[in-house]
Amino acid sequence: NFRGVGRSEGTASLGEKEVRDARAAIASTRTELPQAPLGIVGWSFGGAVAVRAAAEDDTLVGCVAIAPSVQPRPGVSAGLPRADELDLGVPLLIVCGSNDEVTPPEATRDWLEPVEHAELIEMRAANHFFWGRYEQLGSTVAAWLERRAGL
């Protein structure tokens, strides 16, 4: 959980402080598994956090953002800076649902347009939560990360 959610310590922010938490998780994983290829995945608010964290770490094998909150939502998420303002040096996969009512696929496509090394997968008839599509979502993300890691 992000800071302040469930039993997690700290106070939630709009996504900025959570990037520090994601970087700390990356560093901890590198300490525990120094030879393992490492990527980052986030969903919705966490997708925006994952993209921001990946922009600060070119050693990741990739970043997956599932239905990322690309647009700001007052009191919920700061959204993302424009893609051409981020230094995204790692491969990026964004998965969105064609029926996403929280993060419309059009907003995601518009945000992603300037990123040359990105891939967008739009799952037909999926909503923001991918209900009934978890198996397809999981296998799509796992296969993409495995290719990036050379597995």
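1. A crossover is right-handed if, with the strands pointing away from the viewer, the path from the first strand over the helix to the second runs clockwise. Helices (H or I, at least four residues) and strands (E, at least two) are DSSP runs, numbered from the N terminus. By that convention, β1, helix α2 (residues 45–54) and β2 form a right-handed β-α-β unit.

2. The model is predicted: local features need pLDDT of at least 70, side-chain atom pairs count only at pLDDT 80 or more, and totals for chains, interfaces and linings use all residues. Residues are numbered from 1 along each chain as its sequence is written, and side-chain values use heavy atoms, leaving out hydrogens and water.

3. Strand β2 (residues 62–66) has parallel partners. Strands pair if DSSP finds at least two bridges between them. With β1 (residues 39–43) there are 5 bridges, in the parallel sense; Gly-39 has Gly-62 as its bridge partner.

4. β2 is mostly covered, with 5 of its 5 residues buried (under 20% relative accessible area; exposed is over 50%, partly exposed in between; 1.4 Å probe, protein chains only). Gly-62, Val-64 and Ile-66 point one way, Cys-63 and Ala-65 the other. In a regular strand the side chains alternate between the two faces of the sheet.

5. A search of the whole structure finds 0 disulfides (cysteine sulfur pairs within 2.5 Å).
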